[in-house]
Amino acid sequence: MLNFISNFIFKAIFKAFGILSLPSLHRLGAALGWLIYWCTPKSAVTIKKNIEISGLAKNAQQFKQILNTNIAESGKAVLETIGIWQKKEAALLPLVKQVHGWEIVKNALQRGKGIIFLTPHLGCFEIAPIFYGSKHPITVLYRPPKLKFLHQFIVQGRTRTGITLAQANASGVRKLMQALKRNEAIGILPDQIPAAGEGEWANFFGRPAYTMTLASKLAEKTGATVIMAFAERLKNGEGYDIHIAKL
């Protein structure tokens, strides 16, 4: 009974966000970001420490600007994700205003070895595979959420034309390999923490970070072209610019 009620409530909330325009989602998302920041002191401390470690802020004014931007953009990411999961492709594709580096994709497809897209949690990582899937097949690796009732929303929201989902397990990895052998693309979020024994420790801003090795292993086995893709969130909810770079 509890699961039924939770599903009903979340379905209603998700549908409501799906109706809102992108500018509205971003305005509400910015407010949500600040609410989360003030309600989670431990997270707030971590954000500040990470900005300090990055060395991006050269003075107190820059630090405050980066902090404020981080808080607002993080909230936008949450609500725009829900909105994207609910909206139809016909409403989403026009939100992609420009694609920088598409010739890299064309060249990679001509090589015939497949493409490994690395799309970190930067900007809007949900819109990039939807855009690519509207043109060519792509298999996207994902990890089921800890809250099981959210799984159906993720699967429904990410199942689109041209997109095949693959869980982060042995079966999912086989799907990725098969897609690359067909000269198709796969999508991986490279900044997710891998399971024990499935990653390596690497230096990240002077600190050890446990990072996945899956992408590099797949590239070595298949000769696939590795490409970084990032969907820049434009101001005032105007949409997104996708940036593509070969690694």
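Mentor: A pocket, on a 1 Å grid over the protein atoms alone, is an open set of points where a 1.4 Å probe fits, with protein on both sides within 12 Å along at least five of seven lines; lining residues have an atom within 4 Å of a point. This is a predicted model, in which local features need pLDDT of at least 70 and side-chain atom pairs count only at pLDDT 80 or more, while totals for linings use all residues. Residues are numbered from 1 along each chain, and side-chain values use heavy atoms.

Trainee: How much space lies in the second largest pocket?

Mentor: About 350 Å³, a volume being the space filled by probe spheres set on the grid points, which are joined across faces, edges and corners. Of the 15 residues that line this pocket, V173, P194, A195, E198 and L214 are the closest to its centre.

Trainee: Why is E80 called buried?

Mentor: Buried means under 20% relative accessible area (1.4 Å probe, protein chains only). E80 has 1% relative accessibility, so E80 counts as buried.

Trainee: What makes the link between the side chains of E80 and H26 a polar contact?

Mentor: The term requires a pair of N or O atoms within 3.5 Å, one able to donate a hydrogen and the other to accept it; residues adjacent in sequence count only if both atoms are side-chain atoms. The side chains of E80 and H26 are joined at 2.8 Å, and therefore meet that limit.

Trainee: Which residues is E80 in contact with, leaving aside neighbours within four places in sequence?

Mentor: Contact means heavy atoms within 4.5 Å. On that basis E80 touches L22, L25, H26, G123, C124, R233 and Y240.

Notes:
Buried < 20%, exposed > 50% of the residue type's maximum accessible area, 1.4 Å probe, protein only.
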